[in-house]
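Please look through the sequence and the model shown here before reading on. The paragraphs that follow lead from the overall fold to single helices and then to single residues.

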Amino acid sequence: MMVARTAARLFAGQGVAATSGGDIAAAAGISERTVWRYFRNKESCVEPLFAQTWQRFARELRCWPRHLALEPHLADQFALDRHTPEEIADMVLVVRLIAALPDEPDLRSIWLHSYHDGEGEMAALIGDRLGRSHHDFEVRLCAAAVMGAVRTVDEAISRAAVRDGQAFTTEQVVAQMARAIRAVSNLPFCDPVAARPFGDAAMPSPHKKPPAPMPRKAAPPKAKEKAPAAAARRTPR
């Protein structure tokens, strides 16, 4: 993270093209050989900082109470007083980098890859909230769409803040984020959900007809009574 923060400051200040691996190493106070030991190229130096963005979002969703809708939970988690000064400084760095993505295609590939890595964890979160397997196709589809929505909101807000000088309140960010997630979700995980300790098997389906009652077993027919005349003929005298 120390190297990631150093590289992010250099990229945001002088651009990716004007920054070398040696510049990053010198600013971080380490050898260039150490930089290449941990990172495959100079752009990947900021990957831990990008990954931290969706990891923080996933962490905020993991403590989401089942009885609460998405909006009040995000409002609570996005409040600045819940974050340390270091976390806020990291957010500012990421915002500056995101704003530069249209002019830095190599940096954009790192950004996209970091969000793609988060789809599996998002699927696990959605599946757990709905009591479904994270391998389910609909759950995976929802996770991919949600990660795309979150990334798009991050990009739109970052560019507007840095390039256009717009300011956003926490309420505005929460409203836009929740609206985007709801717009792309194919599963109802944004609303309160009922706890199902025994899974779907214990919940009757509204489309499933109740089983038909078992027919009663017919009683065997009674034997006919023998006529008196026939009985008399078999009676020994």
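The protein has 11 helices and 0 strands, where helices (H or I, at least four residues) and strands (E, at least two) are DSSP runs, numbered from the N terminus. Read along the sequence, the pattern is therefore α-α-α-α-α-α-α-α-α-α-α. This is a predicted model, in which local features need pLDDT of at least 70 and side-chain atom pairs count only at pLDDT 80 or more, while totals for chains, interfaces and linings use all residues. Residues are numbered from 1 along each chain as its sequence is written, and side-chain values use heavy atoms, with hydrogens and water left out.

The predictor's confidence in each residue is given as pLDDT, from 0 to 100; its mean for the protein is 85, and 82% of the residues reach 70 or more. Over residues 201-207 the pLDDT is below 50, and this stretch has 1 contact in the model beyond near neighbours in sequence, a contact meaning heavy atoms within 4.5 Å. Residues 224-237 also have pLDDT under 50, and for them the model has 1 contact beyond four places in sequence.

Of the 237 residues of the protein, 37% count as buried, a word that here means under 20% relative accessible area, with exposed meaning over 50% and partly exposed in between (1.4 Å probe, protein chains only). The protein exposes about 14,700 Å², of which carbon and sulfur atoms supply 58%; such areas come from the Shrake-Rupley method with a 1.4 Å probe, and for residues only the protein chains shown count as cover. Among contacts between residues at least 6 apart in sequence, 69% join residues at least 24 apart.

Which residues touch the most other members of the largest nonpolar core? In this core of 57 residues they are L74, M122, I126, I181 and F189, a nonpolar core being a set of buried Ala, Val, Leu, Ile, Met, Phe, Trp, Tyr and Cys residues joined through side-chain atoms within 4.5 Å. The largest share of this core, 9 residues, comes from helix α9 (residues 137-163). Not counting residues up to four places away in sequence, F189 touches W64, I126, R129, L130, C142, V146 and I181.

The buried residues of α10 are V173, V174, M177, A178, A180 and I181. They cover an arc of only 160° around the axis, which puts them on the same side of α10, the arc being that of the directions from the helix axis to the C-beta atoms. On the other side of α10, E171 and A183 are exposed. What covers the buried residues of α10 includes α4 (47-62), α5 (70-78) and α9. I181 itself is buried, with a relative accessible area of 2%, and its contacts, leaving out residues up to four places away in sequence, are F57, L70, V146, A149, V150, F189 and C190. I181 and L70 are 111 residues apart in sequence, yet 9.3 Å apart in space, C-alpha to C-alpha.

L70 belongs to the buried residues of α5, together with H73, L74, Q77 and F78. Seen down the axis of α5, these buried residues fall within an arc of 120°, so they line one face of the helix. An α-helix has 3.6 residues a turn, so residues three or four places apart point the same way. The buried residues of α5 pack against α4 and α10.

In helix α9 lies D154, which counts as buried at 17% relative accessibility. Beyond residues up to four places away in sequence, D154 touches T53, I98, W111, Y115 and M177. The C-alpha atoms of D154 and I98 are separated by 7.9 Å, although the two residues are 56 residues apart along the chain.

Leaving aside neighbours within four places in sequence, M2 is in contact with A28 and I30.
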